[in-house]
Amino acid sequence: ETSLSGNQNINITLRNGATIDTVSTSASEVQTSDKHNNIKYTDFASAHGIYIYGDSTNNPEETINITLDGASITTTSAGIKTSAGIRIENFSGKVTINITNSKITATNGYAMYFSNCPDVTINYKGNNIISGTKGNISGTVKTNNIQ
């Protein structure tokens, strides 16, 4: 569930060598069994660089602006959950991501993951590395600009 409430206008900026590096391990997996002794693993391990879970009833005038300028986000998830360098879910406003000479990489995940976000724009400038072992981008991106 979201902890966001009220009007959301979020700005996140990483620049000049700033880094986010997240790692999860399989030690975060918990083994349980049901009444029929079927073994089940619950994975509490996920690794996200930036994760925003909005409220899908948000005002479409709300914004998320993320700027990476000479920065990097690296995620590594050893568990069964998928990681993401940037993960945004359930946000009906405008999402703008500006990436300049930066790197987003995800092991066992996506560089960027969007779910239930109808207005996502990504602007690329310079030399960038956008890479995920499950894919570079998951979800729909309205506009992809490369300069």
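Predicted model: local features only at pLDDT ≥ 70, side-chain atom pairs only at ≥ 80, totals over all residues.

Reader: Thanks! How many helices and strands does the protein chain have?

Author: The protein chain has 0 helices and 15 strands. Helices (H or I, at least four residues) and strands (E, at least two) are DSSP runs, numbered from the N terminus.

Reader: And how much of the chain is buried?

Author: Of its 147 residues, 41% count as buried. Buried means under 20% relative accessible area, exposed means over 50%, and partly exposed is in between (1.4 Å probe, protein chains only). The chain exposes about 7900 Å², and carbon and sulfur atoms supply 44% of that. Those areas come from the Shrake-Rupley method with a 1.4 Å probe; for residues, only the protein chains shown count as cover.

Reader: OK, sheets next. What is the strand order in the open sheet of 5 strands?

Author: The order is E1-E6-E9-E12-E15, with parallel pairing. Strand E1 (9–15) and strand E15 (143–146) are the edge strands, each pairing on one side only. Two strands pair if DSSP finds at least two bridges between them.

Reader: Which residue stands opposite Asp 69?

Author: That is Thr 100 in E9. Strand E6 (residues 63–69) and strand E9 (residues 94–100) pair in the parallel sense over 7 bridges.

Reader: And the open sheet of 4 strands, what order does that have?

Author: That sheet runs E5-E8-E11-E14, again with parallel pairing. Its edge strands are strand E5 (48–53) and strand E14 (135–138), and each pairs on one side only. Neighbouring strands there are turned by 10 degrees against each other on average, direction ignored. For such angles, axes are lines fitted to C-alpha atoms (for helices over the stretch in contact), and values run from 0 to 180 degrees between N-to-C directions.

Reader: Tell me about E8. How many of its residues are buried?

Author: E8 is mostly covered, with 7 of its 7 residues buried. With E5, strand E8 (residues 83–89) pairs in the parallel sense over 5 bridges. Ile 50 stands opposite Ile 86 in E8, and Ile 52 has Ile 88 as its bridge partner. E8 is also joined to E11 by 6 bridges, running parallel, with Ala 84 opposite Tyr 110 in E11.

Reader: Nice. Which residues have the most contacts inside the largest nonpolar core?

Author: They are Ile 86, Ile 88, Ile 97, Ile 104 and Met 112, in a core of 24 residues. Elements giving two or more residues to this core include E1, E5, E6, E8 and E9. A nonpolar core is a set of buried Ala, Val, Leu, Ile, Met, Phe, Trp, Tyr and Cys residues joined through side-chain atoms within 4.5 Å.

Reader: Switching topic: is Thr 96 buried or exposed?

Author: Thr 96 counts as buried because its relative accessibility is 13%. Thr 96 is found in strand E9. Leaving aside neighbours within four places in sequence, Thr 96 is in contact with Ile 64, Asn 65, Ile 66, Thr 121 and Asn 123.

Reader: Last topic, then. How many salt bridges are there?

Author: The count comes to 2 salt bridges, each being a side-chain nitrogen of Lys or Arg within 4 Å of a carboxyl oxygen of Asp or Glu. Arg 87 forms one with Glu 89, the closest N and O atoms being 2.8 Å apart. Arg 87 and Glu 89 are both buried.

Reader: What does Lys 94 form a salt bridge with?

Author: Its partner is Asp 119, with the closest N and O atoms 3.7 Å apart. Lys 94 lies in strand E9 and Asp 119 in strand E12, so the pair ties together parts that are 25 residues apart in sequence. Lys 94 counts as partly exposed at 33% relative accessibility, while Asp 119, at 18%, counts as buried.

Reader: Great, thanks for the tour!

Notes. Residues numbered from 1 in each chain as written. Heavy atoms only, no water. Contact = heavy atoms within 4.5 Å.
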